[in-house]
Amino acid sequence: MLRARSLLLLRLAAPAAGCGPAARLVPARLFAAAPPPPAATAAAVSAEPFINGSNSSYVEEMYVQWLRDPSSVHASWDAYFSRTAGGAGPGAAYMAPPSLAAPSANSLPVSALVAPMVGGAARVPGAAASENTIADHLSVVGVIRSYQIRGHLVARLDPLEIERKPVETASEIVVRGYMQNFDEQDMDTVFQLPSSTFIGGREKALPLREIVNRLEQAYCRSIGVEYMYINDLEQCNWIRQKIESPGIMQFTNDEKRLILARVARATGLESFLARKFSSEKRFGLEGGEVLIPAMKHIIDVSSAMGVESFVMGMPHRGRLNVLANVCRKPLEQIFAQFAALEVADEGSGDVKYHLGTYIERLNRVTNKNVRLAIVANPSHLEAVDPVVQGKVKAEQFYRGDSDGNKAMSILLHGDAAFSGQGVVYETFHLSDLPAYTTHGTIHIVVNNQIGFTTDPRLTRSSPYCTDVARVVNAPIFHVNGDDPEAVMHVCQIAAEWRNTFHKDVVIDIVSYRRNGHNEIDEPMFTHPFMYNKIKKMPNLTDKYSKKLIDEGTVNADEVKRDVIDRYEKICEEALEASKKETQIYNKHWIDSPWSGFFEGKDPLKMSDTGVKEETLTHIGKRVSSAPPNAVDFVIHRGLQRVLNSRMEMVESRTVDWALAEAMAFGSLLKEGYHVRLSGQDVERGTFSHRHHVMHHQKVDMATYRPLCYLYPDQAQYTVCNSSLSEFGVLGFELGFSLTNPNALICWEAQFGDFCNTAQVIIDQFISSGQAKWVRQSGLTLLLPHGMEGMGPEHSSARLERFLQLCSEDPEYFPPFAADEFAIRQLSECNMIVANCSVPSNYYHILRRQVHMPFRKPLILMTPKSLLRHPRAQSSFDDMVEGTEFKRVLPDTAAAGQSPSGVRRVIFCSGKVYYDLEKAREDRGLQDQVAIVRVEQLSPFPFDEVKQQLDLYPADADIVWAQEEAKNNGAWAFVEPRFETTAAKAKVISRSESERAPRGAEPPSATPDSWLGRLLRLVRAGPPPQPAPKAGPPPQPASKAELPPDVANTHSKNVRRIRYVGRSCSASPATGSKTAHTKELNALLNEAFDL
Ligand SMILES: Cc1ncc(C[n+]2csc(CCOP(=O)(O)OP(=O)(O)O)c2C)c(N)n1
Ligand SMILES: [Mg+2]
């Protein structure tokens, strides 16, 4: 002890004066922690020679306390701070020790110094601090801080008590060297408590023994809390108070009984399911059943504080239990899922442990109504996290809940998934962004210390599975899952934290998994040591009821009769009821019902997407103008030029891409539909074309959003640059789109190819969500796409992948009536994929998203160079009332006017049209080659494509031209559909020809029509095949070498559409500008090589 004190004195006396970073640290922290001190005082303190990194926080504590109440600190500190405030310079205010010689033992016991102060002894101005006293106080503060920072490392968190920590003593891990200053005698010395602890309750000083005891109680029992990295002192102190205050974790007998009842229901359901459906996979919660009372407690506390809606996301583990016991989903519906019953309604459904639900019910504890939704999710762990956040954000937005007081999210996680999946991190990073925050999420980790068969020591590099949450300064409460009262306590704190600070918080319930990964799995294969322990673990109801019986809170009879047997009876009755069910309904499991949306609507009636010209003009002028107070609001000169040219367009009744988009958004806003556009840099637009947010050039963060000020009674417009995440943000926007169908929710990728980092959301939610979960979404994806000679990246939004996800049958020509064809196709599809070539179509398809009587995801390839292409403009004439989205754009040149002279019809989609159009002009082939654009690829416009085919002469060559490589783009998708169009014609002609006189052509297939030509080819039999060559396998002949009819025939020898474009390629585009140009020229040459 002497040696330690000597070292301390040496440090205090060392001439570190005011030059190092530690010296600068002090005033900064002082300012953050307390009312600003007089500048001179702060400067003087910071310049003190004895201030260093390790004691600065102690001095800070003392100073803050002294500012509040000078008598609350030791007389020596009072003297010191008084002198400093009085003008004493660095070094002068501190009374230096007389010598550096080894000090004698405490001449004045610490307790003797402290006790009178507690009683309010008079301050002693000018009294000197004994160096021993300072050293002891520093050590006590160090001990307290050590527990606060590292107490969790030795907390008794693991119910299995498997020691995974290094072989150090608990004390060494936590307090390190701080206790070395004290011997047994000192344990009874009374120390003043710094303001950074609440262990004293009302007492301001405690004997050291009691200090350590209380710190052990607070930090090293069933709760281990991590929070000392939180930068906000108020938040730190709030947690300290909730954890350290004496007696804070006491429950009344009624509260304990409620916990027991909930625990018993949780364990009761698992054991009931295990008995009744022993061979079924259900991913039971056994070992982690405390989750159920934990969630219920959070809901109770939050409901009491005013939250009405809870949106939850969770993995497989314990899902049925949450549905039954947290949401109160009728048990018979859950049990019916175990029987192999027919589905009575739409959708292909999902396995029971992925299904969502939505329930409104009375919370019996608070007597308030609550709405509980569990969002359906795929197997992909954690993918639902951002979806839940988006859904909650939308709820908050539409109900004007700007602080998240009415709706909140609860996310459940497994330990392996929480630490392993990157989307967890992406979701955390949305938590504090203004356009994405849900004002605090409560995360609960069911930490069963295993992931499938893998030990945590092999699945993560971080000490805890929850470390990812530290990036947002979220407090983390680790808690022993076998101590239900401790779990309820941290749930209480978490709910209050969220309500107080509106920030994320994590509860890590350390538990175990009684069975294998699922009920049929054998865990002893891989975890014999752990499972030998687990076998000996009592069930939580038995364990907790024993505790309550032992302490006299309940008796054994009532536990059995009123708790266990009663619930068993409820389950039995529900099982009997479920046996009477003959069908199951997917709609019973919908997580986002849109009440009132579908009712009373004609499911095949689309409202107009054209608008009055004056609306276009009004919106056009607004988005072409600087802010109304333009004199004060200085905009960039370049932006002014953009606005000027926009205004010219409006005056000449034309729009480019950006203006068309603004008019689509603006007109929807006028009609009362919320519009939200989210993604990286969407406010300006990656290509600097949008400018939906104008920035004051002289005032930081001063902005103007013209689309927000179109009409006084318009809906809200949200445009928000997102974090640099695709998975997280796309998931979020999908979630947002689930809440309210009367909105246009768009996510734009910076470049289309980046959407592949969000592939899980596209595959698992967007393309299949309606089929699996009967849930619709009108989410719109804007994906910049196009070969611009910019290299392999940024060229392709992978159109082919989206088309492959479309569920439409390529071999089925829908038998819909002409006037219903488009809407019925839309109604039956799983998603829409389009590649528009003109702004008016972009405008209509955006508006159509909201004017359809149902909702479908829309995947739009959007342009880059076309944004400024002089020909890529539309007239108001194509946007006013009476106009609509055109799925196919017929030829606009001489060929379309006089089809009889056409020798080739080129079908294409998107930007390549403009290259083809120019090449046709250059070659003077406007009357011989028709160019037809397929603007909506899926659902495929069979009807309109057929009309186009029928329009042109029978001997016209039919090609599909695309700029993407042959194995990419739309080719593989369109080819069989063109074939089906022909096959449809065949069916008609065959049946009609049976009725017609022998030799006569059916009416719909005249000899000169494309169809007639097709029929002749079919009847003529196979064309001659080229003779097989000897030797090595022949290389495929190039198209140019083969006669067109050979190149374009397939096994059935039906004339087919021919491909024109780049060859197959592993990379989406060449990295060479020269090669790009050559490829494009080759494409164009081939397209017009008549
Ligand atoms: C993204 C993803 N990868 C892999 C899997 C396969 N899988 C299912 S459960 C599981 C282990 C999950 O462990 P944990 O998160 O700890 O949850 P627990 O099952 O232990 O409750 C794995 C790897 C999956 N469902 N999702
Ligand atoms: Mg686990």
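Guide: Let us begin with a term: two strands pair if DSSP finds at least two bridges between them. Please note also that this is a predicted model.

Visitor: Which residue is the bridge partner of F907 in β25?

Guide: Strand β24 covers residues 904-908, and β25 covers residues 929-934. These two strands run parallel and are joined by 5 bridges. In β25, the bridge partner of F907 is V932.

Visitor: In what order do the strands of the open sheet stand?

Guide: The open sheet is formed by 5 strands, and their pairing is mixed. Its edge strands, each pairing on one side only, are β23 and β28. The order is β23-β25-β24-β27-β28.

Visitor: How many residues of strand β27 are buried?

Guide: Strand β27 pairs with β24 in the parallel sense over 4 bridges, and R904 has D957 as its bridge partner in β27. With β28, strand β27 runs parallel and is joined by 5 bridges; there A961 stands opposite V1060. Strand β27 is largely enclosed by the rest of the structure, because the number of its residues that are buried is 9 of the 9.

Visitor: Which residues are the protein donors of the magnesium ion (ligand 2)?

Guide: In sequence, the donor residues are spaced D-x32-N-x1-I. The donors lie 2.0 Å from the ion, and the atoms concerned are OD of D415, OD1 of N448 and O of I450. The residues asked for are therefore D415, N448 and I450.

Visitor: Are N448 and I450 buried or exposed?

Guide: A residue counts as buried under 20% relative accessible area. The relative accessibility of N448 is 6%, and that of I450 is 4%. Both N448 and I450 therefore count as buried.

Visitor: Which side chain of opposite charge is nearest to D415?

Guide: D415 has its place in helix α16 (residues 415-420). Among the residues that D415 touches are V445, N448, I450 and C465. D415 is buried yet has no salt bridge, a bond that would require the two charged groups to be within 4 Å. At 4.7 Å away, the nearest side chain of opposite charge is R460.

Visitor: Within what arc do the buried residues of helix α20 fall?

Guide: Helix α20 covers residues 528-535, and M530, Y531 and I534 are buried in it. Seen down the helix axis, these buried residues line one face, because they fall within an arc of 90°.

Visitor: Which exposed residues does the face of α20 turned away from its buried side carry?

Guide: Buried residues of α20 include M530 and I534. The face turned away from the buried side carries the exposed residues F529 and K535.

Key:
Residues are numbered from 1 along each chain as its sequence is written. Chains are lettered from A and ligands numbered from 1 in the order in which they are written. This is a predicted model: local features need pLDDT of at least 70, side-chain atom pairs count only at pLDDT 80 or more; totals for chains, interfaces and linings use all residues. Side-chain values use heavy atoms; hydrogens and water are left out. Buried means under 20% relative accessible area, exposed over 50%, partly exposed in between (1.4 Å probe, protein chains only). The arc is that of the directions from the helix axis to the C-beta atoms. Donors are N, O and S atoms within 2.8 Å of the metal (3.2 Å for Na, K and Ca); water is not among the atoms, so sites may look incomplete. Lys and Arg count as positive and Asp and Glu as negative; His and the chain ends are not counted. Contact means heavy atoms within 4.5 Å. Lists of a residue's contacts leave out its neighbours within four places in sequence.
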